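Biologist: I am new to this structure. Please show me how to read it, feature by feature.

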Amino acid sequence: MFGAWDPIPDDGYTAAKKAGVLEDRDVEPVSEFLRGITPMPAVFENHYVTRIHGSNVKKGKTKRELAEQLRQDIRDFKSNNGLDRLVIVWCAKTEIFIRPGAQHQTIEKFEQAMDANDEAIAPSMLYAWAALMEGVPFANGAPNLSVDAPALQHLALDRSVPISGKDFKTGQTWMKTVIAPALKARMLGLAGWYSTNILGNRDGEVLDDPASFKTKEESKLSVLHTILQPDVYPQLYRDFCHVVRINYYPPRGDNKEGWDNIDIVGWMNYPMQIKINFLCRDSILAAPIVLDLALFSDFAQRSGMKGIQEWLSFYYKSPMAAPGLQPEHDLFIQQTKLKNTLRHIMGEEQITHLGMEYYV
Ligand SMILES: NC(=O)c1ccc[n+]([C@@H]2O[C@H](COP(=O)([O-])OP(=O)(O)OC[C@H]3O[C@@H](n4cnc5c(N)ncnc54)[C@H](O)[C@@H]3O)[C@@H](O)[C@H]2O)c1
């Protein structure tokens, strides 16, 4: 069973046709089902997301009042559909960059800020708060803070709810977290990594706005440093230049094209280059991640896990981790963590790849 909030009132069928990601042969057989998914009015403000003008928006005097309406929606959706458990995955627009402040540190301060209509409390945070108050696991597919704030992390622990984020790891960053571990494994140096994209979907349009791109850029830039560890290998990785660009180019629609130029340095300082030209489909890469996160977040809750689910970092560009812990970006370590956590939950042995038993 799927539900949604959206400031744009289109039902699932209309939205799928407008997005043009799927061919008619894939959409038409499920048209009735999709028409049945009509979005509930959203908590939405143009201050946080420019370039969208929707009519399906909630009204309320304070942010707390709006968040309480979201809680009511969650309760109604559950009871109207006879459901026992829910998961919420944030697949909405990237909001403007917000630096964590005092309002995000404790739940008392957070709730006071909701009452005071503080600008530091973005709609995505209200959805996260509402989900946690209703005991619903929350996964954040966008790079904006949302549930990645101490106040909401404490609330998740208090209410025994799993949370995870941020920003689905799909095209270029996914590639980065495959190639960078390979360079490090062979101790090849890095002089520079230039990444640029063209895309023409609504995500591209919003990211064309510098404030929203700033949020995305922070998320995209962090991965190389944590994988390559310049502090540990200063000769190889201390001074590399890393540039990321996203260009809105409508003719391409959802079919994104990414170019990477990687300047690497080999034995005796000989330079080499790697070029990657990835012609991907944004939503085709992202949709299975949404489904996996919904299933695994529910699985985590049923297994009694709560707070940050670091084992789900496999799916994210900016994985959330406990305070003081370095998030893991290397896709292969993330995958091992994912598999081992699932084995742990199922009471199976961990994968070590030791294989000694074959040679006794
Ligand atoms: N490959 C990918 O598609 C991919 C990868 C990584 C991250 N993301 C992130 O996922 C998010 C969704 O991407 P998309 O391509 O599906 O965008 P989209 O524009 O197609 O869909 C986003 C929807 O969110 C709605 N929305 C905006 N603000 C809202 C609010 N406050 N409440 C409810 N709905 C709201 C919009 O009206 C729109 O319908 C973006 O933040 C994007 O950066 C996508």
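Biologist: How are H4 and H5 oriented to each other: roughly parallel or roughly perpendicular?

Modeller: First, the ground rules. This is a predicted model, where local features need pLDDT of at least 70 and side-chain atom pairs count only at pLDDT 80 or more, while totals for chains, interfaces and linings use all residues. Residues are numbered from 1 along each chain as its sequence is written.

Modeller: Now the general idea. Two packed helices are described by the angle between their axes and the distance between the axes. Helices (H or I, at least four residues) and strands (E, at least two) are DSSP runs, numbered from the N terminus. Axes are lines fitted to C-alpha atoms, for helices over the stretch in contact; angles run from 0 to 180 degrees between N-to-C directions. Here, the axes of helix H4 (residues 63-80) and helix H5 (residues 107-115) come within 6 Å and cross at roughly 105°. H4 and H5 are therefore roughly perpendicular (65 to 115 degrees; under 35 is roughly parallel, over 145 roughly antiparallel, the rest oblique).

Biologist: Which residues of H4 and H5 meet?

Modeller: Lys63, Arg64 and Ala67 of H4 meet Glu111, Met114 and Asp115 of H5. Contact means C-beta atoms, placed from the backbone, within 7 Å. The residues of this contact comprise two nonpolar, no polar and four charged. Ala, Val, Leu, Ile, Met, Phe, Trp, Tyr, Cys and Pro count as nonpolar; Asp, Glu, Lys and Arg as charged; the others, Gly among them, as polar.

Biologist: In which sense do E6 and E7 pair, parallel or antiparallel?

Modeller: Strands of a sheet pair through backbone hydrogen bonds, either parallel or antiparallel. A pair needs at least two bridges found by DSSP. E6 and strand E7 (residues 271-281) are antiparallel, over 11 bridges. Ile262 has Ile274 in E7 as its bridge partner. E6 and E7 form a hairpin with five residues between them, and Met268 in the turn has a positive phi of about 55°. Strand E6 (residues 255-265) also pairs with strand E4 (residues 189-199), antiparallel over nine bridges. There, Leu190 has Ile264 in E6 as its bridge partner.

Biologist: In what order do the four strands of the open sheet stand?

Modeller: The order is E1-E2-E3-E8, with parallel pairing. Strand E1 (88-90) and strand E8 (307-308) stand at the edges, each with a single partner strand, so one side of each lacks a neighbour in the sheet. Helix H12 (residues 282-302) packs on the sheet and touches E1, strand E2 (138-140) and E3. The direction of H12 makes about 150° with that of E3.

Notes:
Two residues are in contact if their C-beta atoms, placed from the backbone, lie within 7 Å.
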